[in-house]
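Here is a short briefing on one protein model. Read it with the structure open beside you.

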Amino acid sequence: MKDSDCIFCKIAAGEIPCTKLLEDDSAIAFLDIGPLAPGHALLIPREHYVTVDQMPADVAADVLKHLPALGRAVQAAVGCEGFNILQNNGSVAHQVVPHVHFHVIPRNPDDEFGFNWPAGSYPPGRIEQLAEDIRKHLK
Ligand code: 5GP
Ligand code: ZN
């Protein structure tokens, strides 16, 4: 499955260059061209899926199995203190490239990257009701 207009499909097919970190039959990882920090990497499925919920579970597993090693390697190479795994779905969630990708973003104290985390709370009973609704959709 490939989208001829998709830049990450073209990278996966070797039609446009990237700075490759790893690859196998299911996945490829490369350095982000607009890094939030040196070593900012992207892990993508070879096949074209726009959002993570479209991915078959076995494909997701084959791609995500690379995250621990990739995170360790980036951390060791750039000497960052930690890292974020970020994965955006939909333009409302800041997805710009419509091909699933997992960001590995090195983090250090006082770096420039940040996001709002406007944590809320539930009124009595709402959390159980919501969990029940979500569980129904998992079946
Ligand atoms: P999004 O906002 O969709 O989650 O992030 C897309 C990411 O892809 C951005 O961080 C951007 O810098 C990166 N990107 C976009 N085009 C290219 C490209 O052609 N090559 C590489 N290596 N990264 C790209
Ligand atoms: Zn694609």
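The points below cover a metal site, a ligand site and some charged pairs. The model is predicted. A zinc ion (ligand 2) has Cys6, Cys9, His48 and His99 as its protein donors. Ligand 1 has 16 residues around it. A search of the whole structure finds 6 salt bridges.

**The zinc site**

- For four tetrahedral donors, the ideal angle at a metal is 109.5 degrees.
- Along the sequence, the donor residues follow the spacing C-x2-C-x38-H-x50-H.
- His48 and His99 link distant parts of the chain, 51 residues apart.
- His48 sits in the loop between β3 (41-45) and α2 (57-64), and His99 sits in the loop between β4 (82-86) and β5 (102-107).
- His48 counts as buried because its relative accessibility is 12%.
- His99 is also buried, at 0% relative accessibility.

**The ligand 1 site**

- Asp32, His94, Val96, His101 and His103 come nearest to ligand 1.
- Asp32 places a polar side-chain atom 2.5 Å from an oxygen atom of ligand 1.
- His94 uses its backbone instead: an N or O atom there lies 2.7 Å from an oxygen atom of ligand 1.
- A polar backbone atom of Val96 is 2.6 Å from an oxygen atom of ligand 1.
- Taken alone, ligand 1 exposes 520 Å², and the protein buries 82% of that.

**Salt bridges**

- Side chains of opposite charge can pair when their charged atoms come close.
- Arg46 and Glu23 form a salt bridge, with their closest N and O atoms 2.6 Å apart.
- Arg46 is in the loop between β3 and α2 and Glu23 is in strand β1 (residues 20-23), so the pair ties together parts 23 residues apart in sequence.
- Arg46 is partly exposed, with a relative accessible area of 23%, and Glu23 is partly exposed at 41%.
- Glu132 forms a salt bridge with Arg135, and their closest N and O atoms are 3.1 Å apart.
- Glu132 and Arg135 are 3 residues apart in helix α4 (residues 126-138), so about one helical turn separates them.
- Asp133 and Lys136 also meet in a salt bridge, at 3.8 Å from N to O.
- Shared partners join the salt bridges of Lys20, Glu23 and Arg46 into one network.

Definitions and conventions: Residues are numbered from 1 along each chain as its sequence is written. Chains are lettered from A and ligands numbered from 1 in the order in which they are written. This is a predicted model: local features need pLDDT of at least 70, side-chain atom pairs count only at pLDDT 80 or more; totals for chains, interfaces and linings use all residues. Side-chain values use heavy atoms; hydrogens and water are left out. Donors are N, O and S atoms within 2.8 Å of the metal (3.2 Å for Na, K and Ca); water is not among the atoms, so sites may look incomplete. Helices (H or I, at least four residues) and strands (E, at least two) are DSSP runs, numbered from the N terminus. Buried means under 20% relative accessible area, exposed over 50%, partly exposed in between (1.4 Å probe, protein chains only). A residue is near a molecule or strand if one of its heavy atoms lies within 4 Å of it. A polar contact is a pair of N or O atoms within 3.5 Å; within protein, one must be able to donate a hydrogen and the other to accept it, and residues adjacent in sequence count only if both atoms are side-chain atoms. Accessible areas come from the Shrake-Rupley method with a 1.4 Å probe; for residues, only the protein chains shown count as cover. A salt bridge is a side-chain nitrogen of Lys or Arg within 4 Å of a carboxyl oxygen of Asp or Glu.
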